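This briefing walks through one protein chain by topic. Please keep the sequence and the 3D view open while reading.

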Amino acid sequence: MGSNSYEKPDFWSKKAFSEGYPARSVYKLQEIDKKFGMIKKDYTVLDLGAAPGSWTTFLLRMMEGSGRVVSCDLNPLSKNVKGDNLVFLQGDLLSADIRNKITELGPYDLVVCDAAPLTTGNRTVDTARSSALVEMAIWYAQAMLKHGGNFVVKIFQSGNQAEMLKLMRGIFTTAKGFKPEACRSESFETYLIGLQKK
């Protein structure tokens, strides 16, 4: 089998490790924030599917000890991801217990979700699993965001991206797709952005 760029660290991976982030995905959120102005210091932010914690780390650094970051994942965050304004919930986002805890800590100014399903290599199966995660994240955004709040979610490019955007346009003033430069060239992931919850 031929090699691909996933097998060795690329520019973004090396940069992430040198700057103390658990993964390269941080630069996707950085680019999204630069373009859409999503993160403010005093925000309460919900990070869905947060492990290993690059997005959580970036949010904590941007907020400089103010506001609050609530992160949730089935897996633990990396050991060096910590902050006085961080609340980490380990568990299933579909469970009533986790949902109730997230609700108690809200409402939120921003909901972000960089979660990806366990991939099989079968694009049809993987995109269907990704879509299910996106639907869950949209539910959280609709239920937990304050009026005027914003939303970012990763999706695998597929036939139902338009359907998800249509759903989001019923919730947000603006909804659009955006692919950051930090995405690997061969990756079929992109991001959906929801601005100004109605």
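In which loop is proline 180 found? Proline 180 is in the loop between strand 6 and strand 7, the latter spanning 189–197. The model is predicted. The chain has six helices and seven strands. The points below start with the overall layout and then turn to particular residues.

**Overall layout**

- Along the sequence, the elements run α-α-β-α-β-β-α-β-α-β-α-β-β.
- The protein chain has 198 residues, and 50% of them are buried.
- Among contacts with a separation of 6 or more, 65% join residues 24 or more positions apart.
- The accessible surface is about 9800 Å². Carbon and sulfur atoms contribute 52% of that surface.

**Proline 180 and its surroundings**

- Proline 180 counts as buried because its relative accessibility is 2%, under the 20% cut-off.
- Leaving out residues up to four places away in sequence, proline 180 touches Lys28, Glu31, Ile32 and Tyr191.
- Tyrosine 191 is eleven residues from proline 180 along the chain. Their C-alpha atoms are 8.0 Å apart.
- Two of the residues touched by proline 180, Lys28 and Ile32, are among the buried residues of helix 2.

- Helix 2 covers residues 26–36. Its buried residues are Val26, Tyr27, Lys28, Leu29, Ile32, Asp33 and Phe36.
- Residues three or four places apart in an α-helix point the same way, because there are 3.6 residues a turn.
- Glycine 37 follows helix 2. Its phi is positive, near 60 degrees.
- The whole structure contains four aromatic pairs. One of them joins phenylalanine 36 and phenylalanine 178.
- This pair is edge-to-face, with 5.5 Å between centres and 90 degrees between planes.
- Lysine 35 places its charged end over the ring of phenylalanine 36, 5.8 Å from the ring centre.

**Salt bridges**

- How many salt bridges does the structure hold? The structure holds six.
- Glutamate 64 pairs with lysine 41, with the closest N and O atoms 2.7 Å apart.
- That pair links distant parts of the chain, 23 residues apart. Glutamate 64 is in the loop between helix 3 (54–63) and strand 2 (68–73). Lysine 41 is in the loop between helix 2 and strand 1 (44–48).
- Glutamate 64 is exposed, at 56% relative accessibility. Lysine 41 is partly exposed, at 45%.
- Aspartate 97 pairs with lysine 101, the closest N and O atoms being 3.4 Å apart.
- Aspartate 97 and lysine 101 are separated by about one helical turn because they are four residues apart in helix 4 (residues 96–105).
- Aspartate 97 is partly exposed at 45% relative accessibility, and lysine 101 is partly exposed at 36%.

**A buried bridge and its network**

- Aspartate 114 forms a salt bridge with lysine 154, with 3.4 Å between the closest N and O atoms.
- Aspartate 114 lies in the loop between strand 4 (108–113) and helix 5 (123–144), and lysine 154 lies in strand 5 (residues 145–156), so the bridge ties together parts 40 residues apart in sequence.
- Are the two partners buried or exposed? Aspartate 114 is buried, with a relative accessible area of 12%. Lysine 154 is buried as well, at 9%.
- Lys28, Asp114, Lys154 and Glu189 form a network of salt bridges.

**Cysteines**

- How many disulfides does a search of the whole structure find? The search finds zero.
- Cysteine 72 is buried, at 0% relative accessibility.
- Cysteine 113 is also buried, at 1%.

Key: Residues are numbered from 1 along each chain as its sequence is written. This is a predicted model: local features need pLDDT of at least 70, side-chain atom pairs count only at pLDDT 80 or more; totals for chains, interfaces and linings use all residues. Side-chain values use heavy atoms; hydrogens and water are left out. Buried means under 20% relative accessible area, exposed over 50%, partly exposed in between (1.4 Å probe, protein chains only). Contact means heavy atoms within 4.5 Å. Accessible areas come from the Shrake-Rupley method with a 1.4 Å probe; for residues, only the protein chains shown count as cover. Rings of Phe, Tyr and Trp (its six-membered ring) pair if their centres lie within 6.5 Å; planes under 30 degrees apart count as stacked, over 60 as edge-to-face and the rest as tilted. A charge sits over a ring if NZ of Lys or CZ of Arg is within 6 Å of the ring centre and within 35 degrees of the ring normal. A disulfide is a pair of cysteine sulfur atoms within 2.5 Å. A salt bridge is a side-chain nitrogen of Lys or Arg within 4 Å of a carboxyl oxygen of Asp or Glu.
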